[in-house]
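These are my notebook entries on a single structure. I record below what I looked up, topic by topic.

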Amino acid sequence: MMRTRPLKVALLGCGVVGSEVARIMTTHADDLAARIGAPVELAGIAVRRPGRVREGVPEELITTDATALAKREDIDVAVEVIGGIEPARTLITTAFEHGASVVSANKALLAQDGPALHEAADKYGADLYYEAAVAGAIPLVRPLRESLAGDKVNRVLGIVNGTTNFILDRMESSGAGYSEALDEATALGYAEADPTADVEGFDAAAKAAILAGIAFHTRVGLDEVHREGLTEVTAADIASAKRMGCTVKLLAICERAADGKSVTARVHPAMIPLSHPLASVHEAYNAVFVEAEAAGQLMFYGPGAGGSPTASAVLGDLVSACRNKISGARGPGESAYTQLPVSPMGEVVTRYHISLDVADKPGVLAQCAMVFAEHGVSIDTVRQQGKDGEASLVVVTHRAPDAALSATVEALRKLDTVRGVASIMRVEGE
């Protein structure tokens, strides 16, 4: 039997995602009520600029007083789609204090203050859901928190930023440079006017921190995620990857150490073989591999951003939070019982693809090979081409500690026969 008293929802923020949430809540009200077991009523919408046209959004619900909306005692669930750290953090905490559960799409805040938000939710007996904070519409947080709760996850590897994937895809398919590909992404609306968060890897790093924390049941701070963007990736890097039968992707990689005593989280460009499923992820799509002990390898694929896809994830969480309100139950909270340390990037075992500009004369290869040997780095393949006194030397290493590989590159730079390091990139997915 359906409950007649409606559950009231406060919408904090009404941009691209918030407007779509409001529209779907209004147009699909009957379906949502049937799925939840009670009517759901949009009780207020907090915005900064009330004069903007928001198609499908009830104007009578608009308010600029977000704090007052979060403090309302009749609110059952607050949906936060403002983004950023403040005022979102204070508004979420305020909603908890006044009895509301919270659904958030705020990856930056959850990566930075997730533990404190979980503690606040526990203190006030509320739920905190955030499926939309990672990979848009792709169900990823819930499978890690719930479906794989009885399994041991060892690795999470994937493309979690659509803007950077679009840029790299265009660089490969058209031969464009980074700047040209970024301009196209901006023109099509995939990149923000200030694309720094995407292209420098901040967005992906926040998602990696969240995923690592859930997957490994430990707290991983944003400052513990190694981060490199794609601004240094060149058309020459893309061409070199093609010659190796690879493509370049910006990857988020979260791993449990082989001995199980530590974890790592990192974001950086990497070459992956064309045979790997991630190599076929094009345009602004996302895809994530989860490797678990019992379940094996799972792949999650779909649109990772945009108003409708992200709103889909928000509404899925809203349904869960509302159902819990009716039954008096609570969803899963933070699981950080393992308290595993996060190893620095230097201890991560990786492979390198290194392209050197060298003098074209006898003994250069042997001299460079000696540097690799001195640093304990084994060479997998090497290719040398020379003409008119100049040559290129391309080396792909076996797996070694990243610190050893970095030290090797620095030592190579000091050789008088090495004119310069044309490119350095990690190799993954093998």
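Predicted model: local features only at pLDDT ≥ 70, side-chain atom pairs only at ≥ 80, totals over all residues.

**Entry 1: Asp 74.** I located Asp 74 in the loop that runs between helix H3 (66–71) and strand E4 (77–80). I then listed its side-chain partners: a polar contact of 2.9 Å links Asp 74 to the side chain of Arg 72, and one of 3.3 Å links Asp 74 to the side chain of Lys 8. I also checked Ala 100, which is 26 residues from Asp 74 along the chain; the two C-alpha atoms are 8.5 Å apart.

**Entry 2: nonpolar cores.** I next looked up the largest nonpolar core, which has 80 residues; Val 153, Ile 167 and Val 290 touch the most other members. Helix H10 (residues 202–216) contributes the most to this core, namely eleven residues. I noted a second, separate core of 33 residues, with Leu 7, Leu 61, Val 77 and Val 103 among them. In soluble globular proteins, nonpolar side chains tend to be buried together. For Ile 167, I set aside neighbours within four places in sequence and found contacts with Tyr 178, Ala 181, Leu 182, Ala 185, Val 199 and Leu 230.

**Entry 3: helix H7.** Ile 167 is one of the buried residues of H7, so I examined this helix, in which eleven of 13 residues are buried under the cut-off of 20% relative accessible area. H7 (residues 162–174) reaches 18 Å from its first C-alpha to its last, close to the 18 Å expected at 1.5 Å a residue. At the N-terminal end, Asn 161 caps H7, with a side-chain oxygen 3.2 Å from the backbone nitrogen of Thr 163. Just after H7, I recorded a positive phi of about 80° at Gly 175.

**Entry 4: strand E9.** How many of the eleven residues of E9 are buried? I found eleven. Cys 246, Val 248, Leu 250, Ala 252, Cys 254 and Arg 256 point one way, while Thr 247, Lys 249, Leu 251, Ile 253 and Glu 255 point the other way. In a regular strand the side chains alternate between the two faces of the sheet. E9 pairs with E7 in the antiparallel sense over four bridges, and Ala 252 is the bridge partner of Gly 158. E9 also pairs with strand E10 (residues 263–273), again antiparallel, over eleven bridges; here Leu 250 stands opposite Pro 269. E9 and E10 form a hairpin with six residues between them, and Gly 260 in the turn has a positive phi of about 75°.

**Entry 5: salt bridges.** I counted 24 salt bridges in the structure. In helix H10, Asp 203 and Lys 207 lie four residues apart, about one turn of the helix, and their closest N and O atoms are 2.9 Å apart. Asp 203 counts as buried because its relative accessibility is 8%, and Lys 207 counts as buried at 5%. I also noted one network of salt bridges with shared partners, which joins Arg 155, Glu 255, Arg 266, Glu 291 and Glu 428. In helix H6 (residues 141–147), the salt bridge between Arg 142 and Glu 146 has an N to O distance of 3.5 Å. Arg 142 is partly exposed at 26%, as is Glu 146 at 37%.

Technical notes: Residues numbered from 1 in each chain as written. Heavy atoms only, no water. Helix = DSSP H or I, 4+ residues; strand = E, 2+ residues; numbered from the N terminus. Polar contact = N/O pair within 3.5 Å; in protein donor to acceptor, adjacent residues only side chain to side chain. Core = buried A, V, L, I, M, F, W, Y, C linked by side-chain atoms within 4.5 Å. Buried < 20%, exposed > 50% of the residue type's maximum accessible area, 1.4 Å probe, protein only. Contact = heavy atoms within 4.5 Å. Expected span 1.5 Å × (residues − 1). Pairing = 2+ DSSP bridges. Salt bridge = Lys/Arg side-chain N within 4 Å of Asp/Glu carboxyl O.
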